[in-house]
Amino acid sequence: MKKTCILTFTFLVFISLSLSAQESLPSVKLKAVSGRQIDFKDLVNESKDTVMVISFWATWCIPCISELDNINDAFEEKQAIKPFKFYGVAIDDSRTAQRVKPFVRGKGWKFDVFTDVNSELKRALNITDVPHVILFKNGKIVYRHTGYIAGEEENLFETIKNL
Amino acid sequence: MKSYQFKVILLSSILTFNFFKHSFAQYNSQYITGHFNGSYENTSQYYMKDDKIKALQPLEKFSSNGFLKLDYNYGDFSAGIQYESYMPPIMGYFPFTVESNNKIVNKYFKYTQNKFAVQVGDFYEQFGSGLIFRAYENRQIGINNALEGFNVYVEPTDFMKVKVIYGRVREIFDYSKALTRGMDAEINLISLLKVKENEHTPAITLGGSYVSKYEEYTGPLDNFPATVNAFATRLDFSTNNFSLNAEYVNKGKDPHLVNNYSFKKGNALQLNSSFTKNNLGASISFRALTNIDFKSDREQEFATIGPLNYLPALTKQHDNLTSNIYVYSTQPKGEIGGQTDLYYTFKTGTKIGGKYGTTIAANFSYYSSLNDSSDLLSAGKEKYFSDVNIELRKKWSKKMETTLSYQNVFYNGSLQVLSNSNVISNIIAAGILYKFAPKKSVRFKMEHLSTKKDQGNWTSALSEFSFSSPFAFFASDLYNYGKTKNHYYNVGASVTRKSSRFSFAYGKQRAGLFCAGGVCRFVPANYGFTASLTTSFAN
């Protein structure tokens with residue numbers, strides 16, 4: 001027992017001393033409907049100074065679906081004004097997680113969707129309700145919004161344009 | 001001090017030491033560059049008496065549930081707490097014996113590297129689909145079965161992922177006396193066999209889990225198992241357009257209050273498959289289970305307190321007011337059934353699709369008893385539930401969208417204490433959303449439920465107005481014109497700004513099962529005011 005504790009202690013001291021450049025976003029492994037697997041931290045970092053939008057939703061959340069449908073309808077038009085990256089994150093747990101891929105493909109949405117089956121990312125980013133939209137730029141959260149009422153996507157596009 | 005507590009305290013101390021050492025070393029040289037992140041959520045209710053709907057006014061007329069969560073990330077470290085206050089708990093949230101309390105209920109330290117993570121303190125985790133083990137939080141329903149102990153994640157090779165859990169399950173403000181430990185391993189067969197990958201290469205993973213619970217037994221029986229072991233195995237196969245998942249769980253003898261101290265073993269089998277093609281998505285699920293209720297406390301009768309596994313009802317979650325009257329909840333003692341879903345979008349520019357497209361969603365689910373509790377595939381004669389439903393959604397213009405849905409439900413009355421007869425109901429719902437100016441809209445929805453049984457027919461109307469962001473108003477009425485002639489009306493407003501939302505409502509709620517994420521709790525009828533606030537913040 002003592003030996004295990006000493007080994008654990010030495011190991012943890014070693015890894016903590018080897019800390020290098022500091023990033024402050026949570027590291028959560030995500031799997032996309034497209035099959036892509038990535039760490040959330042890397043996803044944010046790879047977008048650099050291009051605005052990246054993460055929209056938290058679920059297959060059972062009607063306002064979320066309306067928001068994503070409306071964003072999808074204007075997707076190409078708004079991308080032409082100012083390019084941005086856009087991903088959905090489905091918080092469906094194993095009750096409805098098997099629906100996410102057929103649902104997304106059935107909708108024909110133009111953006112990729114990640115799944116967060118045990119709400120790890122939702123919890124790490126302190127999201128209480130869906131829909132919830134977070135905008136990142138240069139590795140930082142620059143804007144977030146909860147809830148959706150018809151027409152609100154225009155605010156989002158306006159915010160992206162001004163960032 | 002027990003060795004379990006010692007291990008937890010020791011590991012916490014080591015991580016705390018390193019965490020603060022690095023934070024303050026950085027602070028001394030420059031400033032703290034970490035990231036603070038938090039949220040606050042509060043739901044408060046004021047109760048009034050209403051004899052007609054049998055709403056009682058409790059001694060404590062005001063109740064309030066509050067959740068404050070704070071997290072801090074610094075490099076590879078993160079730490080956090082969750083503080084909860086129940087002054088007292090809102091009606092039906094916990095067993096009525098639970099009194100007012102407030103406490104820091106969760107605290108954790110986590111160290112994450114690319115292929116390694118360790119968390120000490122309170123943690124959430126899931127093995128496979130959760131059929132054998134799931135620790136999670138659902139504030140709506142009142143579930144938080146986080147484990148206090150440690151959780152390790154490691155990728156020892158390119159093709160393998162291993163998770164280890166060890167600790168005690170949270171039970172409201174305390175922890176279960178039982179000790180839970182487990183391990184899950186997942187192997188990526190494509191990486192293992194070094195298959196050359198291209199866009200058509202399927203993803204194939206094999207998984208295995210082991211969960212063991214030790215709960216001291218001091219009773220008179222010699223053969224009573226203090227340790228309950230459960231094993232699970234799973235296979236996931238997926239290509240771009242097709243997927244197949246299979247999971248099987250076997251649980252050893254686990255006598256507890258809810259299964260009437262049965263010494264029978266438990267089993268569960270779940271199969272899911274999906275297929276997608278241009279604007280078409282379809283899925284089919286099958287699940288059979290027997291004696292699979294796995295609990296951290298054998299004397300606990302409430303499904304929301306200290307569960308070890310997750311057994312959601314695999315049915316469609318509807319957003320109609322009337323659809324929530326007859327909702328199915330899983331029968332862990334024995335059940336067999338499944339569901340199928342179909343989604344299709346008629347392309348824009350076609351006759352049905354119109355300028356903006358038309359989507360169709362259809363679902364069918366069916367569940368029945370098992371004939372023989374030791375045979376998972378022995379479908380029984382007693383039907384528990386079925387639901388056939390179809391929904392059409394059409395966007396006519398940039399301003400107008402309509403929905404139309406139909407649902408046929410069979411509900412076995414013996415599943416709910418309130419009703420004894422089997423209920424067959426038909427529901428029709430129609431809704432319209434009209435945007436009369438940018439950011440100004442109105443939504444109106446009408447529903448009708450017809451049945452000859454239980455309380456007879458119901459109807460409902462709902463309207464929502466959003467005049468200009470951030471304000472929104474709603475009014476609704478659910479009316480049982482079949483038998484009780486009761487109106488369950490609600491009016492309210494909400495204001496949203498960035499990541500904060502405040503809402504206020506006044507009205508009546510019917511008694512019934514309140515379900516979220518497929519787990520249900522009974523909520524008594526209530527009448528009064530409800531206020532909710534949610535906010536998220538970060539530095």
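Student: What is the order of the elements of chain A from the N terminus on?

Tutor: Happy to start there! This is a predicted model, and in it the elements of chain A run α-β-β-α-β-α-α-β-α-β-α-β-β-α. That gives chain A seven helices and seven strands.

Student: What makes S1(A) and S2(A) a pair?

Tutor: Two strands pair if DSSP finds at least two bridges between them. Strand S1 (residues 29–32) and strand S2 (residues 37–39) of chain A have three bridges, in the antiparallel sense, so they pair by that rule. Within this pair, Lys31(A) stands opposite Gln37(A). S1(A) and S2(A) form a hairpin with four residues between them, and Gly35(A) in the turn has a positive phi of about 100°.

Student: How many bridges link S1(A) and S5(A)?

Tutor: Two bridges, again antiparallel, join S1(A) to strand S5 (residues 112–115) of chain A. The cut-off is at least two, so this counts as a pair as well. Here Ala32(A) has Phe114(A) as its bridge partner.

Student: Why are S2 and S7 of chain A said to stand at the edges?

Tutor: Look at the strand order in the open sheet: S2-S1-S5-S4-S3-S6-S7 (chain A), with mixed pairing. S2 and S7 (140–146) of chain A each have a single partner strand, so one side of each is left without a neighbour in the sheet. From one strand to the next, the twist averages 30°.

Student: In what sense do S3(A) and S6(A) pair, and what packs on the sheet there?

Tutor: Strand S3 (residues 52–57) and strand S6 (residues 132–137) of chain A pair in the antiparallel sense over five bridges, with Val53(A) opposite Leu135(A). Helix H3 (residues 62–73) of chain A packs on the sheet, touching S3 and strand S4 (85–90) of chain A. The direction of H3(A) makes about 150° with that of S3(A).

Student: How do you know which part of chain A to read with care?

Tutor: By the pLDDT. Chain A averages 85, and 86% of the residues score at least 70. Over residues 1–23 of chain A, however, the pLDDT is below 50. Where pLDDT is low, the predicted coordinates should not be read in detail.

Student: How many residues do the two chains bring into contact?

Tutor: In chain B, 69 residues are in contact with 51 residues of chain A. Helix H1 (residues 3–29) of chain B gives the most to the chain B side, with seven residues.

Key
Residues numbered from 1 in each chain as written. Chains lettered and ligands numbered in written order. Predicted model: local features only at pLDDT ≥ 70, side-chain atom pairs only at ≥ 80, totals over all residues. Contact = placed C-beta atoms within 7 Å. pLDDT = per-residue confidence, 0-100. Axes fitted to C-alpha atoms, helices over the stretch in contact; angles between N-to-C directions.
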